[in-house]
Structure formats: C-alpha cells, structure tokens
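Reader: I would like a close look at one part of this model, with the cut-offs stated.

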Number of protein chains: 2
Amino acid sequence: MAMFDWKGESAELVVLSLLADGPQYGYAISKDVALRSEGQLRLTPGVLYPLLKALETQGLIISEWEAVRSERSAGEGEGRRRKWYKLSAKGRKRLDQRIHSHRAFRRIIDTFIGEPGREETSR
Amino acid sequence: MAMFDWKGESAELVVLSLLADGPQYGYAISKDVALRSEGQLRLTPGVLYPLLKALETQGLIISEWEAVRSERSAGEGEGRRRKWYKLSAKGRKRLDQRIHSHRAFRRIIDTFIGEPGREETSR
DNA sequence: ACCGATATATCTGAAAACGATATATTGTCC
DNA sequence: GGACAATATATCGTTTTCAGATATATCGGT
C-alpha cells in the first residue's frame, strides 16, 4: 500500500514534471518516482501505463521506441524494447498550468488547516 | 464544474478542519467551504452526505439532530431538522494525522515540481 | 400562493484506481 | 547452464470513488 493516497491529478503532475527534466521511459519513471520520494510514492504498472497512454493520446507527451540490444542477443530476435517519452510543447503548457493550479489549491487548503502561508514575494 | 479536482482525502481534511472550529451542520459546511474558498471548492450533496456518514461510521465525528422550529409551524408537525456534527477525540487525532500527512505529501510534490520549500523553522 | 433558499439523503452511470496477471528479455550468482 | 531476480511494457477485472440527478420536505419573503 502506498504511503499516500495520491490520485490522477498528482500522478500527472509528477510524470510531466519528471519529463520536463528530459526524456524517460516508463520503467525508469516508476523507479525515479520511488527513489525521489524515498519509497513513499509508487507508480505501479497498472497506474503508470494507462496514464502514459492517456497523456500521449492528449498530445502532452510523445513516445518513441528504442531497441535495446544486448551483446548476447545480437543478431537474433527483437531484443528488449524501451518506449521513451518526451514532453511536447503542449505538455509543457499543461505542466505550467498544473503547477499553477496545484499552488492555488494548496493556498485554499491552507486557509482551512490554518497554515500561515508564505508571503507572496516572487512572481 | 468545480475549479479543482479535489477528492476524498482533501474533502475529509477540509471537513475535519472546519469541525475543529466548532460544531456545524451539513448544509452550513457546504456553504462554508464555498465561501472560504471563494467559490473554488464545492462540496455537493452527493459528496458531502456520504462523506459525513463515513466519518461518523468511523467514529471521527458525532452527530446530533436539532429540531428547528419556526413560529409558523409551532405546535404542528416535525419542523425542519438539522444534523449537527462535532469532532470526536478520535476525529481530532485523525485531523492532526491528516494535516501531518498532507504536509509530508506536499514536500514530496515540491521536490518534483522544483519548489524551493520553506525552511523548517518552527515545530 | 408561489418561488428560491434551506436542509438532508440516496441513486446511478461513469470514471478511476490498482492489484493481479501476462509476456518477454536481461543480468547475476552459483 | 540453470535458476532467479530485475528489467520492461501492457491489459484485465474487481472494487472504489465521483458527482450530477433525483427525491423529499421546510422555511422565508413577496
């Protein structure tokens, strides 16, 4: 069980954020999320792949297959395949929008839980 | 359409937070949420009442009926009824826990979206 | 008398979540 | 060389969640 209940929205935000740092393939994304959250967030296959598919359908990310060849299998068969994803311009816009929306939502929640809230210095 | 996708967790956090300020009845809670969020968060009946029911089942909140009598109807019928909810000790604990969890989750998200994060000064 | 607001509650169709399952390759240890 | 864990992608199917619609009734103002 994941440490936090984190749903669609947040998963999208996290994946788009990761891809903003450069192209990644699915499995690496799931490992990265676990690593960078110190195991507290998990992006399981059943969540990750449908999400990536949805993001691509919306044109937010673009995929490309990589044929990973091992010396061992050189010459035969298909070898392992990786599907790399990169952020599209549209995805970049969506990310900015999601970050903005996340901050706004957070500010509202703060008014309920009585969080002091930081001064709006920059931006 | 609600301005934000805010789901179960957050709704629970908000409701428990509101009840921490004192007892409230359902309809007032929904109005309060809309007011305090400047219309950006909505707790519709289809979400609110099942949530309150679930919170009560878990023993986090305690309900009590109030018979609201108008002069007009004095003496007859049932009159309007309000169901007041107050936070239980268990609910108070859950709220603290949820706030803590919310902050932890937020910190993790910050590492992904590249938020500077405030110094851990107090606490 | 009517209408909009107050007040609580469920129903239901759709969407989302996620563990389980499927399939195949690769690296490592003995 | 054989077994096993890790890498890699993907779907399936059950359960849960969501939120609009619906139901019912009272109250306040005009």
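At what angle do helix H1 and helix H2 of chain A pack, and how far apart are their axes?

Author: This is a predicted model, in which local features need pLDDT of at least 70 and side-chain atom pairs count only at pLDDT 80 or more, while totals for chains, interfaces and linings use all residues. Residues are numbered from 1 along each chain as its sequence is written, chains are lettered from A and ligands numbered from 1 in the order in which they are written, and side-chain values use heavy atoms, with hydrogens and water left out.

Helix H1 (residues 8-20) and helix H2 (residues 26-36) of chain A pack at about 100°, and their axes lie 11 Å apart. Helices here are DSSP runs of H or I of at least four residues, strands are E runs of at least two, and both are numbered from the N terminus. Axes are lines fitted to C-alpha atoms, for helices over the stretch in contact, and angles run from 0 to 180 degrees between N-to-C directions. H1(A) and H2(A) are therefore roughly perpendicular, a term for angles of 65 to 115 degrees. On the H1(A) side the contact (heavy atoms within 4.5 Å) involves Val14(A), Val15(A), Leu18(A) and Leu19(A); H2(A) contributes Ile29(A), Asp32(A), Val33(A) and Arg36(A). Of these residues, 6 are nonpolar, 2 are charged and none is polar.

Terms used:
Angles under 35 degrees count as roughly parallel, over 145 as roughly antiparallel, 65 to 115 as roughly perpendicular and the rest as oblique. Ala, Val, Leu, Ile, Met, Phe, Trp, Tyr, Cys and Pro count as nonpolar, Asp, Glu, Lys and Arg as charged, and the others, Gly among them, as polar.
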